[in-house]
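Please find below a colleague's note on the structure that follows.

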Amino acid sequence: MNERPSLDRLYPPMPAAIGADHRDPFAAAVPPIYQTSLFLFDSYAELEDVFAGRSAKPIYSRGDNPTVRLLEQKIAEMEGAEAARAFSSGMGAIAATVLAFVRPGDRIVTVRHVYSDAFRFFEKVLKRFGILVDYIDGTDTERMIAAIPGARLVYLESPTSMVFRLQNLPAIAQAAREHDVLTIVDNSWATPLFQRPLDLGIDIVIHAASKYLGGQSDTVAGLVAGSRDHIATINREIYPYTGAKLSPFEAWLVLRNIETLPLRMQHHHEAGLEVARWLAAQDQVDRVMHPAFTDHPGARTLRGYGGIFSFEVSKAVDIVAFVDALRLIRIGVSWGGPESLVVPAKAALSISPETNVFARFNVSDRTIRLNVGLNKAKDLIADLNQAFVAASRPLHR
Ligand SMILES: *Cc1c(COP(=O)(O)O)cnc(C)c1O
């Protein structure tokens, strides 16, 4: 038998370092951080067994690390997936997943208002390799389905960034399956607690774990979950070569913070809704873009709401004065941590207009994105209220 190690086998499924069958020798309640780049072998035979895939053991932490593996198993369990991979950022996860499946000349289908750097990745990287990208209004299920035949994959985000528009995930997933087209969804907003895309027929789920899963604004991380086959494709085609692996310490931070995810999400859901409803009742607010305020079929697959949404202020509000008048609510990008934050679209629209998803798909410069962190709704409402008073133009008084 002349069994040669294949590249697939260099990255085999690895058993959990700690778990039912591999217990920590000291019964540590919290998993240890395997802060090591490499793992040692007792003999040539052991090394060859691992290279040939006859036994599973980590080799080098760019491929596998036991602490990182625990997080991969955790997200797979939460999303109902067979397997998962961790990355050094949400963008690392998005770029690697898409690149694992596309070829020059392919066409991909995605939604307008997709996460801004996913849009730049499509525009700057995929297009350079001759890949066509169709941006469809994701709320229009018929148009989404019509775009599917002949595409390589459909990249979704429900709700989308900045304007929080939904897609009908089960209907799009079913149409894609009929045409043998892969479906990927960014589920960072809902988290697996409020939406489980794989249960709806979607193939691959992606998380910016920098947001709710990390939950503390202290780390940047990405996760991908799906079938064993799809994760094996990512491992074989790209994962080791981009080198966008998660560090053991950051995997540990995300593992730790996932423990409080249900409590945090309950707060974001409740406080977010209360603030959104208050905003919707204000004269200075023209509309609130929150998935609770729509009867789109995409709302039916949500079991709860993330705490980030946006609203459009009326012309009576001076946006700069409003944002500068906020005290409790800080100015900052990202979301999912304890801080409550605003990002005015007006500022985001000023960034590199040629690859600006907000400019391209006509986001109003009167839009303000609000991340309801772990503050109390009544304190946030008081802050918003005093800022409206401070920023309303004299003609309005
Ligand atoms: C932040 C974000 C990302 C990217 O995650 P990073 O960890 O910052 O690379 C992807 N998708 C959504 C919806 C995000 O908000």
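1. Phe-249 and Trp-252 are three residues apart in helix H11 (residues 248–258), and they are therefore separated by about one helical turn. The model is a predicted one, and the remarks in this note should be read accordingly.

2. How are the rings of Phe-249 and Trp-252 arranged? The count of aromatic pairs comes to 11. In the pair formed by Phe-249 and Trp-252, the ring centres are 6.1 Å apart and the planes meet at 15°, so the pair is stacked. The cut-off behind this term is a plane angle under 30 degrees.

3. Trp-252, at 19%, counts as buried. The limit for a buried residue is under 20% relative accessible area.

4. Elsewhere, ring pairs join Trp-278, Phe-311, Phe-322 and Phe-388 into a cluster. Two further rings carry a charge over the face. The charged end of Lys-57 sits over the ring of Phe-41, at 4.7 Å from its centre. Arg-85 lies over the face of Tyr-239, with a distance of 4.0 Å to the ring centre.

5. Which residues come nearest to the ligand? Of the 14 residues around the ligand, these are Gly-90, Met-91, Asp-186, Ser-210 and Lys-211. The shell consists of seven nonpolar, four polar and three charged residues. Helix H4 (residues 90–101) gives the most to this shell, with three residues.

6. A backbone N or O atom of Gly-90 is 2.7 Å from an oxygen atom of the ligand. A side-chain N or O atom of Asp-186 lies 2.6 Å from a ligand nitrogen atom. Ser-210 places a polar side-chain atom 2.5 Å from an oxygen atom of the ligand. On its own the ligand has 380 Å² of accessible area, and the protein covers 89% of this.

7. Asp-283, in the loop between helix H12 (261–280) and strand E8 (285–289), has a relative accessibility of 64% and so counts as exposed. Its C-alpha atom is 8.9 Å from that of Val-313, at a separation of 30 residues in sequence. Trp-335 is in the loop between strand E10 (330–331) and strand E11 (341–344), and its relative accessible area of 11% makes this residue buried. Trp-335 and Gly-215 are 120 residues apart along the chain, with their C-alpha atoms separated by 8.4 Å.

8. The peptide bond from Ser-158 to Pro-159 is cis, and its omega is near 0°. Pro-159 belongs to the loop between strand E4 (153–157) and helix H7 (169–178).

9. Where does His-113 lie, and what is its phi? His-113 is in the loop between strand E2 (107–111) and helix H5 (116–126). Its phi is positive, at about 65°, although the residue is not a glycine. With a relative accessible area of 5%, His-113 is buried.

10. Thr-191 likewise calls for a remark. Phi of Thr-191 is near 65°, which is a positive value in a residue other than glycine. Thr-191 lies in helix H8 (residues 191–194) and is buried, at 1% relative accessible area.

Methods: Residues numbered from 1 in each chain as written. Predicted model: local features only at pLDDT ≥ 70, side-chain atom pairs only at ≥ 80, totals over all residues. Heavy atoms only, no water. Near = heavy atom within 4 Å. Polar contact = N/O pair within 3.5 Å; in protein donor to acceptor, adjacent residues only side chain to side chain. Areas by Shrake-Rupley, 256 points an atom, 1.4 Å probe, with all protein chains shown as cover. Helix = DSSP H or I, 4+ residues; strand = E, 2+ residues; numbered from the N terminus. Nonpolar A, V, L, I, M, F, W, Y, C, P; charged D, E, K, R; others polar. Phe/Tyr/Trp six-rings, centres within 6.5 Å; stacked < 30°, edge-to-face > 60°. Buried < 20%, exposed > 50% of the residue type's maximum accessible area, 1.4 Å probe, protein only. Lys NZ or Arg CZ within 6 Å of the ring centre and 35° of its normal.
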